[in-house]
Amino acid sequence: MTDNEFRLPYFPASFFGMVMGITGLSIALLAVNASVTLMAGKAVLAIATLLFIGLLVAYLLKVARFPDAVQVEIRHPVKMNFVPAISISLILLSIAFYAIGQTQLSFWLWSVGVAAHLVLTLWVLHHWIHHDFFKIEHSTPAWFIPIVGNILVPIVGVHHAPAEISWFFFSIGIVFWPVIMAILFNRIIFHPPIIDKLIPTLFIFIAPPAVGFISYIALNGGVLDGFARVLYFFGAFMTLLMLVSAGKFLQVKFALSCWAYTFPIAAISIASFKMFHLTDVMLYQWLGMALLGLLSLMILVFAWKTIQAVRHRHICTPGH
């Protein structure tokens, strides 16, 4: 068995967090709606697409050659929540391709991604309800990924399918969001701290309200109402809370979970650009650009550190 074959059983679905972050950067660049950022957004989208294809091929090889390792991952109380990052990546790619006018490709990516995500949502919820192994310390903000990921569906879903389908998925995510948030705050406040490797997942608290704002605007016909403002400003507050705690995050040693920083920052950046287009208040444009700059820097740093971690065999190893 070659070294790559030995490491393949330990290839984690959390790798797809890279695709989520990089595709989020692409969508944010496209949302600026300037000629320079349009070109950059298309280039980043090409990178995200190639990365997704490469990671998907690797994960499908794992499924084919090491099905037992896949079973262990999808039944693991923490790792199982990262598997839906695969279907979320498809949905995000569909959003990006729609933004550059590739509507047919966007439709097929969206259709496959939505169908897969519904299956994975049901899978995770089934195991949450019918289990004998979950403990409070297993709960992390990664729990938002499989359930609240449904909120992404309407962003282009309103263009690809009857509105009822988008409302169906939006309802799943927006109702479960406060339920999971309450569980996580209870766990964070009254129980032992989250292990250092998973501390970056705290940034995921930003994503549900930020994505919820974007999706709700799409479902609401582009109208900015009171509920939309609540979603945006709560996302903005969670962003501020995370940035205030930057010292804690900077102390965390790099791990693949650090990619959890990226998509939430992309989401609130895109939401800020959307607020600017709806209100013409320049403050939102400035916030969006500042967050976009931070996101770009994060992705460059994490991409370099991921390459180094792979080269030095710190990833895709037993116990990783």
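**Figure 1. The cavity of the predicted model.** One cavity of 30 Å³ or more is counted in this predicted model. A cavity is defined on a 1 Å grid over the protein atoms alone, as a set of points where a 1.4 Å probe fits but cannot get out. Rolling a probe the size of a water molecule over the atoms shows where empty space is left. The volume of the largest cavity is about 290 Å³, a volume being the space filled by probe spheres set on the points, with grid points joined across faces, edges and corners. Its lining is made by 22 residues, and M20, I145, I204, F263 and P264 are those that lie nearest its centre; lining residues have an atom within 4 Å of a point. At least two lining residues come from each of α2 (16–32), α5 (85–99), α7 (144–148), α10 and α13. Helices are DSSP runs (H or I, at least four residues), numbered from the N terminus. Residues are numbered from 1 along each chain as its sequence is written. In this predicted model, local features need pLDDT of at least 70 and side-chain atom pairs count only at pLDDT 80 or more, while totals for chains, interfaces and linings use all residues; side-chain values use heavy atoms, with hydrogens and water left out.

**Figure 2. The largest pocket.** A pocket is an open set of points with protein on both sides within 12 Å along at least five of seven lines. The largest pocket holds about 580 Å³ of space. Of the 23 residues that line the largest pocket, I27, I155, I214, I270 and K274 lie nearest its centre. Helices α2, α5, α8 (154–160), α10 and α13 each give at least two residues to this lining. The most comes from α13, with six residues.

**Figure 3. S94 in helix α5.** S94 is part of helix α5. Its relative accessibility is 0%, so S94 counts as buried (buried is under 20% relative accessible area, exposed over 50%, partly exposed in between; 1.4 Å probe, protein chains only). Apart from neighbours within four places in sequence, S94 has contacts with S106, L109, W110 and V156, a contact being heavy atoms within 4.5 Å.

Figure 4. Helix α11 covers residues 226–244, and its 19 residues should span 27 Å at 1.5 Å a residue; the end C-alpha atoms are 27 Å apart, which agrees. The expected span is 1.5 Å times one less than the number of residues. A228, L231, Y232, G235, M238, T239 and M242 are the buried residues of α11. These residues lie on the same side of α11, because they cover an arc of only 125 degrees around the axis; the arc is that of the directions from the helix axis to the C-beta atoms. V230, L240 and V244 are exposed on the other side. The cover over the buried residues includes α9 (163–190), α10 (207–219), α12 (246–250), α13 (262–279) and α14 (282–311).

**Figure 5. F234 in helix α11.** F234 belongs to helix α11. With 29% relative accessibility, F234 counts as partly exposed. Residues up to four places away in sequence aside, F234 touches W177, M181 and P209. From F234 to S257 is 23 residues in sequence and 24 Å in space, C-alpha to C-alpha.

**Figure 6. D280 in a loop.** D280 sits in the loop between α13 and α14. Its phi is near 65 degrees, a positive value in a residue other than glycine. D280 is exposed, with a relative accessible area of 61%.
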